[in-house]
Amino acid sequence: MALVSADSRIAELLTELHQLIKQTQEERSRSEHNLVNIQKTHERMQTENKISPYYRTKLRGLYTTAKADAEAECNILRKALDKIAEIKSLLEERRIAAKIAGLYNDSEPPRKTMRRGVLMTLLQQSAMTLPLWIGKPGDKPPPLCGAIPASGDYVAKPGDKVAARVKAVDGDEQWILAEVVSYSHATK
């Protein structure tokens with residue numbers, strides 16, 4: 001039942017994302033005229049070899065308009081990125097729920113060893129699906145973004161990708177890329 005509602009929500013989000021992409025293209029088409037005018041004004045200035053007050057004022061207005069157009073397009077793209085992140089989180093939640101419910105089982109047991117190329121491919125695919133944070137100028141990145149540490153009481157959620165230090169049978173410690181399945185307060 002929850003999977004069906006997640007599917008319908010994903011379909012709604014995809015429709016909204018499609019509309020945002022159309023809006024982005026429309027905004028880009030509207031701003032194209034202004035960018036062409038900026039280029040033509042620069043070309044006229046170069047042929048005359050002087051910067052007159054007229055061109056200075058005209059360029060200032062054109063650049064102000066271009067900046068406003070770029071900010072509008074940027075806001076639409078941020079909304080689209082938020083929709084994409086929401087879709088990805090719903091897909092991940094659906095995958096975890098299906099795994100817990102037993103609907104999704106791996107056709108073969110996990111391998112004990114994998115070749116380096118296979119691991120790099122898995123890592124590359126995983127990296128493409130990580131959420132992307134794009135802040136506005138002056139914004140500080142949130143915790144767990146880049147090298148920004150989490151707060152001391154942060155608990156990773158199931159499905160989160162983490163770097164984990166594990167001990168091998170021979171006592172060596174190694175870092176691995178892992179997915180959180182559960183959290184135990186006793187062992188941390």
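Helices, here, are DSSP runs of at least four residues, numbered from the N terminus; the legends below describe close-up views of a predicted model.

**View 1. Arg9 and Glu12 pair within helix H1**. The side chains of Arg9 and Glu12 meet in a salt bridge, with an N to O distance of 3.2 Å. Because the two residues are three apart in helix H1, about one helical turn separates them. Arg9 counts as partly exposed, at 28% relative accessibility, and Glu12 is likewise placed in the partly exposed class, at 43%.

**View 2. Glu16 and Lys83 form a salt bridge**. The N to O distance between these side chains is 2.5 Å. Glu16 belongs to helix H1 and Lys83 to helix H2, so this pair ties together parts that lie 67 residues apart in sequence. Glu16 is partly exposed, with a relative accessibility of 30%.

**View 3. The largest nonpolar core contains eight residues**. Leaving aside residues up to four places away in sequence, Ile10 touches Ile87, Leu90, Leu91 and Arg94.

**View 4. Glu173 and Arg165 meet in a salt bridge**. Their side chains approach to 3.6 Å, N to O; Glu173 is partly exposed at 45% relative accessible area, whereas Arg165 counts as exposed at 53%. Elsewhere, salt bridges with shared partners join Arg9, Glu12 and Glu86 into one network, and the count of salt bridges comes to seven.

Conventions: Residues are numbered from 1 along each chain as its sequence is written. This is a predicted model: local features need pLDDT of at least 70, side-chain atom pairs count only at pLDDT 80 or more; totals for chains, interfaces and linings use all residues. Side-chain values use heavy atoms; hydrogens and water are left out. A nonpolar core is a set of buried Ala, Val, Leu, Ile, Met, Phe, Trp, Tyr and Cys residues joined through side-chain atoms within 4.5 Å. Buried means under 20% relative accessible area, exposed over 50%, partly exposed in between (1.4 Å probe, protein chains only). Contact means heavy atoms within 4.5 Å. A salt bridge is a side-chain nitrogen of Lys or Arg within 4 Å of a carboxyl oxygen of Asp or Glu.
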